[in-house]
Amino acid sequence: MPQPLRFQVLAHDPSSSARVGRVETPHGAFATPAFVPVATRAAVRALAASDLRTLDAEVVLCNTYHLFLRPGAETIAALGGLHGFMGWAAPIITDSGGYQVFSLGAGQEADELKGRRRGPAQPSLVRITEEGVEFRSPLDGARHFFTPEQAIAVQHQLGADILLAFDECTAYHHDYAYTRASVQRTHRWAERCLAYHRASPHAERQALFGIVQGGVHRDLREQSAAFIGGLPFDGLAIGGSLGRTKQEWFQVVEWVIPQLPAERPRHLLGVGDVDDLVEGIARGVDWFDCALPTRLARHGTLLGPWPAERWRLHLTRGEFARDASPVDPTCDCLTCREHTRAYLHYLLRSGEATGWRLATIHNLAFLLRLMRAARECIVAGRFAAWRAAVLGVG
Ligand SMILES: [Zn+2]
């Protein structure tokens with residue numbers, strides 16, 4: 001059977017678990033470590049596929065759940081799959097929809113997974129059974145039932161290069177007993193996803209990744225990593241609640257990665273702060289996806305080499321109204337080459353779509369350049385010094 005994905009490790013950093021690799025898919029290759037921009041509804045918000053190509057983005061991630069609800073997987077399949085539909089010929093990853101099914105259901109789960117403060121308890125719109133998950137569409141209230149097999153079938157129709165197994169994404173507030181039962185169910189669902197996928201001709205062109213769960217519990221994380229890593233997935237992802245503090249999630253990643261087979265790629269789901277990326281790379285993560293950098297851009301927060309300010313510049317503040325300097329003088333993106341902080345300040349305060357576009361272009365340019373630098377420094381044996389300099393501790 002032809003392989004849908006080839007992964008080669010090209011270099012290791014002697015001071016950490018960081019590594020440089022190359023992933024080949026039927027739609028081309030990408031270099032790792034990588035930051036994967038999130039194109040939730042088949043578009044990185046405010047950008048066109050041509051903008052992503054100009055930024056040298058090599059791979060994007062789309063959300064199965066949103067695309068399943070609208071415009072529907074059959075529609076996308078009829079229009080050439082995601083690649084044809086969105087005009088992006090390079091690699092695409094789709095998530096399984098599990099995270100959104102749980103996080104968009106009302107109630108405590110949603111608030112926690114989205115990092116919101118907990119409000120008054122609301123009934124959940126999500127019902128979980130061994131067979132699958134029933135949920136209501138927030139668009140029209142229609143009931144849907146997702147089984148692991150259906151989550152894969154929908155991703156087959158969407159046509160991405162890398163698919164993710166259907167899992168239950170547990171929140172931090174769940175206790176040990178609940179999390180253990182949930183992980184075991186996620187493992188049974190992983191086997192069902194894999195069986196369904198491997199029985200299909202799509203397995204020749206689409207790769208399937210398993211997801212490690214287990215909350216913040218060491219034994220559950222280690223068991224999950226060993227179980228999921230022991231199944232014939234093409235790669236592995238780390239999902240779920242990684243804890244409330246950075247220290248907690250560093251710990252979770254340190255428990256999981258040594259249990260995973262070294263020859264297969266590792267995707268850390270939903271993490272994208274600058275220090276998260278650098279520390280994740282140091283712990284052996286190959287790629288990250290996160291909507292945070294593009295969401296921050298639309299809210300007027302631009303990223304740059306400023307560790308003392310958590311790498312953030314809040315451009316909507318009054319102090320930038322007459323600032324004629326570029327967002328980041330060291331950045332060569334279109335936004336920094338052609339426009340001032342004052343212009344972006346004005347556009348963003350006025351709610352102009354051009355402001356979202358220019359801010360998004362800069363934030364992605366910054367993170368994609370950060371990843372290129374990480375790869376170059378790992379290859380050149382300078383990763384430890386680079387890590388300290390980026391984090392501002394050198
Ligand atoms: Zn820039």
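In this predicted model, T40 is buried, with a relative accessible area of 17%. That value falls under the 20% limit, which is why T40 counts as buried. The residue is found in the loop between β4 and α1. Setting aside neighbours within four places in sequence, the contacts of T40 are with L61, C62, N63, H66 and L67.

The protein chain is divided into domain 1, covering 6-290, and domain 2, covering 301-391. Between the C-alpha centres of the two domains the separation is 27 Å. At the interface, 33 residues of domain 1 are in contact with 25 residues of domain 2. The size of an interface is often given as the accessible area lost when the parts come together. Here, the area buried between domain 1 and domain 2 is about 2,400 Å², and carbon and sulfur atoms give 75% of that area. On the side of domain 1, L55, V274 and V278 supply 25% of the area buried against domain 2, more than any other three residues.

Charged and polar pairs also link the domains. Four salt bridges are counted between domain 1 and domain 2, and the count of residue pairs in polar contact, both at pLDDT 80 or more, is four. Readers who wish to inspect a salt bridge in the structure may look at D273 and R310, whose closest N and O atoms are 3.8 Å apart.

Several elements of domain 1 give two or more residues to the side that touches domain 2: the strands β1 (6-12), β2 (19-25), β3 (28-32) and β4 (34-37), together with the helices α1 (49-54) and α11 (274-282). Of these, α11 gives the most, with seven residues. By residue class, the side of domain 1 that touches domain 2 divides into 19 nonpolar, five polar and nine charged residues.

An α-helix has 3.6 residues a turn, so residues three or four places apart point the same way.

Technical notes. Residues are numbered from 1 along each chain as its sequence is written. This is a predicted model: local features need pLDDT of at least 70, side-chain atom pairs count only at pLDDT 80 or more; totals for chains, interfaces and linings use all residues. Side-chain values use heavy atoms; hydrogens and water are left out. Domain bounds come from an automatic or database domain assignment. Contact means heavy atoms within 4.5 Å. Buried area is the accessible area (1.4 Å probe) that two parts lose on being put together, summed over both. A salt bridge is a side-chain nitrogen of Lys or Arg within 4 Å of a carboxyl oxygen of Asp or Glu. A polar contact is a pair of N or O atoms within 3.5 Å; within protein, one must be able to donate a hydrogen and the other to accept it, and residues adjacent in sequence count only if both atoms are side-chain atoms. Helices (H or I, at least four residues) and strands (E, at least two) are DSSP runs, numbered from the N terminus. Ala, Val, Leu, Ile, Met, Phe, Trp, Tyr, Cys and Pro count as nonpolar, Asp, Glu, Lys and Arg as charged, and the others, Gly among them, as polar. Buried means under 20% relative accessible area, exposed over 50%, partly exposed in between (1.4 Å probe, protein chains only).
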